[in-house]
Amino acid sequence: MVSLAVEHLTVTYPECAEPVLRDVNLTLETGDFAVICGPTGCGKTTLLRMMKRELTPLCTQSGTVSFEGTPLPALNARTSAAQIGFVMQQPEQQIVTDKVWHELAFGLENLGTPQDVMRRRIAEIASYFGMEPLLERDPSSLSGGQKQMLNLASVMIMQPRLLLLDEPTAQLDPIAAADFLTTLLRLNQDFSVTILLAEHRLEEVIPRAGRLILMGQGTVTHSGRPAEILAQLPPDAPVMAGMPAAVRLYHAAGGTGECPLSVNDARTKFMPLYAQNVRALPEPEPRPHTAPALRFKEVFFRYERHGRDILADLSFTAETGELFCIVGGNGAGKSTVLSVIAGLRRAYAGKIEIFGRKIQDYKGRSLHQECVTLLPQDVQTVFLKNTVAEELAEISKAYAEELRGFPFDLEPLMQQHPYDLSGGQQQLAALAKVMLTHPRLLLLDEPTKGLDANAKEQLAEVLHGLQAQGVTILLVTHDIEFAACHADRCGFLSRGEMISADIPSHFFAENAFYTTAASRISRGFYDRAVTVAQTAGLCRINGLKAAAGEEARDAGHPL
Amino acid sequence: MRTYDAMNPLAVAVQLLLTACITVFCMEPVLLVLSLCAAMAFFFQRNGMGHRGFYALALGLPLLFMLLNPLWNQHGTSVLFFINNRAVTKEALYFGAVTGIRLAAVLYWFRSFSDLMTSDKLFYLLRFLSPKLALIFSMAVRNLALFRQQMHRIQNAQKALGLYREKHLIDDVRGGIRVFSVLISWALENGIITASSMAARGYGTGKRTSCTNYCWKRQDVTLLLLSLLFSGTAIVLIARGYLERQFYPVIQPPVHGAGWYTAVTAYAALALLPLLHEGKEALIWYRLRSSI
């Protein structure tokens with residue numbers, strides 16, 4: 001049965017010459033699990049909102065969207081609200097009430113459900129989502145992952161038949177995101193809920209999705225089984241950067257045989273095709289040692305006198321001009337390290353030296369003035385003004401002059417409100433603002449959160465540019481792919497202690513579980529190949545095994 | 001075991017408020033002492049020996065009022081002695097003490113009321129008045145907390161950006177104003193997302209129902225009916241003047257008729273309802289547990 005049909009949909013926003021969606025056609029069968037992806041600004045969000053009547057933006061539209069055969073405008077208001085569920089990106093802001101059980105009840109209350117039915121449904125859904133212990137809690141005391149799960153549950157309680165999700169995991173850490181996606185798959189399997197998911201965190205989703213829909217500039221460019229679409233996609237397509245490591249490796253190495261989607265596929269079907277004469281790339285030139293910018297020596301910190309140590313015996317050194325990434329699980333103390341360095345919290349024991357001076361010797365606010373700057377995780381908190389230009393002018397009138405060396409052109413953003421920028425643009429604008437304070441040590445907390453692959457590349461470019469100007473960067477992240485590609489050194493923080501610190505190719509090669517997808521793929525075939533580029537490089541150097549090459553040629557695949 | 005806490009909030013609120021209100025509008029010393037004792041006993045049953053300072057009130061307030069009242073109040077005929085040419089009368093002392101007891105009793109009842117009526121119970125009560133108001137209340141509670149959190153975050157972000165100059169009061173005040181103004185934009189921005197989330201879940205599609213955590217069990221209905229019965233009896237009799245007392249110019253002896261006894265008994269029953277409930281539950285629990 002057809003769950004959702006979009007026919008010849010063209011959408012134009014008021015005061016815009018170009019339509020944002022152009023003749024979009026799309027059909028979803030009941031029980032489909034479809035992933036929609038495309039670069040930021042390609043119209044994904046608009047398309048999803050056109051499918052949910054209550055959220056349809058103000059626009060002129062032609063063409064139709066129908067749900068189970070009925071055009072959306074003809075649907076009964078309550079049917080439309082209940083049967084088409086919608087989950088947005090921001091975990092916190094979607095929550096309406098101040099109790100978990102009440103949040104679950106909210107949708108049912110709106111539909112006028114009788115009390116006894118509501119109580120039963122809440123009990124049911126809480127048990128399915130494992131939320132019973134949380135029912136009496138205040139949602140703001142939950143973790144980001146729990147909040148987003150609550151948002152999903154409070155949509156599912158209305159028993160929707162179609163579920164639309166707009167980048168639901170963008171603000172979550174990898175473990176919470178994986179949990180969330182697994183729950184989606186389970187809902188799809190258990191209840192044949194049709195799911196349409198817009199995502200740019202594709203590593204785990206693509207191998208399990210039944211359908212992949214690619215969008216570019218307001219149209220659907222590809223739609224079909226992921227393996228087929230991804231095999232025929234040009235390697236330089238903009239969406240490629242966000243694809244699973246297996247897919248990128250397949251294309252970067254030249255694309256032989258069937259396109260692998262998961263690590264398992266790549267290890268069993270793709271890697272064995274290649275010879276292993278050269279096991280490793282030559283070691284990169286070691287970075288020349290420089291004076292330490294930051295030195296932690298046996299530092300201890302806890303929030304409460306009788307609490308547990310969040311930082312325990314933490315010692316490490318970051319050198320001047322280095323990009324040092326701190327990775328680690330949730331609650332390992334990563335963000336705490338940054339707030340201690342930024343002087344927002346004080347360690348109770350140990351020694352912290354910043355550019356050779358003890359942190360206590362930076363009196364008053366001299367630490368923040370032209371020395372250490374922290375860019376927090378919630379980057380919106382940096383902005384105070386109505387336009388980006390005003391933000392920058394606030395710090396320095398001659399911002400245009402000073403930002404000449406900034407490796408990103410901010411000019412098109414200058415007159416916009418900072419809140420209207422995309423996540424990636426916000427990050428870059430905030431970085432520009434930060435750079436005007438001339439920090440020598442820049443602290444970044446999860447800068448890649450919510451960014452798509454292209455925005456991450458831009459960010460990396462900007463960071464390398466800053467490094468070239470002599471800025472030391474200490475970056476805390478969950479994003480190990482980003483750390484592997486761009487860090488000079490990585491440190492693994494666990495339970496408040498720096499367990500190991502090394503250059504990425506050693507660091508991730510030695511980790512077996514906490515490591516990049518590319519490293520998991522190449523493990524055993526090649527040594528110290530931790531990024532897709534390194535693995536693909538080795539594949540190309542080695543070439544196909546003779547037998548494998550013939551097989552591929554026989555099967556008619558291009559070499 | 002179902003403690004008084006877990007009873008239906010409406011029944012509990014009716015019992016506590018009626019008990020307190022009758023205390024406010026009555027000057028019969030026997031009834032007031034009863035009220036204070038019941039209130040203290042209930043408080044003790046819930047809190048044990050904690051809150052020592054609060055227990056001191058029970059003795060302190062009557063004493064304080066007894067000593068202070070004669071200083072202002074010159075009514076009464078039985079003069080005990082003079083201070084600065086002002087007569088201290090027996091009636092004024094007595095009236096002061098009774099007022100003190102009344103105040104202490106009311107304080108105890110309201111303390112128990114505020115301990116028992118946590119925000120979600122008040123919210124439940126609010127729904128009887130207006131479900132819409134209740135939703136707004138719930139959203140307001142949530143948003144205030146979010147505001148405070150975000151304000152703290154923004155301040156920290158600005159501090160770590162080095163935007164504030166070296167110890168500079170005017171700069172700090174200006175910074176505070178900026179943070180507040182951006183907080184407003186942030187709230188509006190977030191409000192749009194919350195509104196979308198509400199619309200997406202069918203808000204405004206017609207008549208709403210209201211989900212509650214509390215239901216009416218037989219015990220709750222019994223409690224409510226008993227509260228109404230006892231308080232009704234007491235109120236009617238008090239209104240008829242059976243508990244009327246005159247302190248000035250001379251303390252009139254009470255008329256211990258059938259009306260007086262009925263009113264005081266009814267009130268005693270009302271005030272002791274929470275304790276009777278807890279006692280009954282404890283007894284049942286004790287019996288059940290000994291059979292495990």
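Reply: Happy to! The largest nonpolar core has 178 residues, and those with the most contacts inside it are Leu249(A) and Leu443(A). Please keep in mind that this is a predicted model. In soluble globular proteins, nonpolar side chains tend to be buried together.

Let us zoom in on Leu249(A). Leaving aside residues up to four places away in sequence, Leu249(A) touches Ala266(A), Ala518(A), Ile521(A), Val532(A), Thr535(A) and Ala536(A). Another core, of 44 residues, lies apart from the largest one, and Met7(B), Leu31(B), Ala105(B) and Ala266(B) are among its members.

Chain A is divided into domain 1 (2-224), domain 2 (249-283 + 520-554) and domain 3 (292-502). The C-alpha centres of domain 1 and domain 2 of chain A lie 37 Å apart. For chain B, the assignment gives domain 1 (4-122 + 217-290) and domain 2 (130-200). The C-alpha centres of these two domains of chain B are 45 Å apart.

Next comes the place where the chains meet. Here 51 residues of chain A are in contact with 43 residues of chain B. On the side of chain A that touches chain B, helix H2 (77-83), helix H3 (100-110), helix H4 (115-128) and strand S16 (372-375) each supply at least two residues. H3(A) gives the most to that side, with 8 residues. By residue type, the side of chain A that touches chain B divides into 25 nonpolar, 18 polar and 8 charged.

Within chain B, one helix pair is worth a look. Helix H1 (residues 9-24) and helix H5 (residues 119-129) of chain B pack at an angle of about 90°, with their axes 9 Å apart. H1(B) is therefore roughly perpendicular to H5(B). From H1(B), the contact is made by Pro9(B), Leu10(B) and Ala13(B), while H5(B) brings Lys121(B), Tyr124(B), Leu125(B) and Phe128(B). The residues of this contact between H1(B) and H5(B) divide into 6 nonpolar, no polar and 1 charged.

Finally, a few backbone details. Most residues other than glycine have a negative phi, and most peptide bonds are trans. Against that background, Glu446(A) has a positive phi of about 50° although it is not a glycine. Glu446(A) sits in the loop between strand S17 (441-445) and helix H14 (453-468) of chain A. Is Glu446(A) buried or exposed? Glu446(A) counts as buried because 22 other C-beta atoms lie within 10 Å, and the cut-off for buried is 20 or more.

Asp23(A) also has a positive phi, near 45°, and is a residue other than glycine. Asp23(A) belongs to strand S2 (residues 21-29) of chain A. With 14 C-beta neighbours inside 10 Å, Asp23(A) counts as partly exposed.

In chain B, the peptide bond from Tyr248(B) to Pro249(B) is cis, with omega near -10°. Pro249(B) is found in the loop between helix H8 (218-239) and helix H9 (258-290) of chain B.

How values were computed: Residues are numbered from 1 along each chain as its sequence is written. Chains are lettered from A and ligands numbered from 1 in the order in which they are written. This is a predicted model: local features need pLDDT of at least 70, side-chain atom pairs count only at pLDDT 80 or more; totals for chains, interfaces and linings use all residues. A nonpolar core is a set of buried Ala, Val, Leu, Ile, Met, Phe, Trp, Tyr and Cys residues joined through C-beta atoms within 7 Å. A residue is buried if 20 or more other C-beta atoms lie within 10 Å of its own, exposed if 12 or fewer, and partly exposed in between; C-beta atoms are placed from the backbone. Two residues are in contact if their C-beta atoms, placed from the backbone, lie within 7 Å. Axes are lines fitted to C-alpha atoms, for helices over the stretch in contact, and angles run from 0 to 180 degrees between N-to-C directions. Helices (H or I, at least four residues) and strands (E, at least two) are DSSP runs, numbered from the N terminus. Angles under 35 degrees count as roughly parallel, over 145 as roughly antiparallel, 65 to 115 as roughly perpendicular and the rest as oblique. Ala, Val, Leu, Ile, Met, Phe, Trp, Tyr, Cys and Pro count as nonpolar, Asp, Glu, Lys and Arg as charged, and the others, Gly among them, as polar. Domain bounds come from an automatic or database domain assignment.
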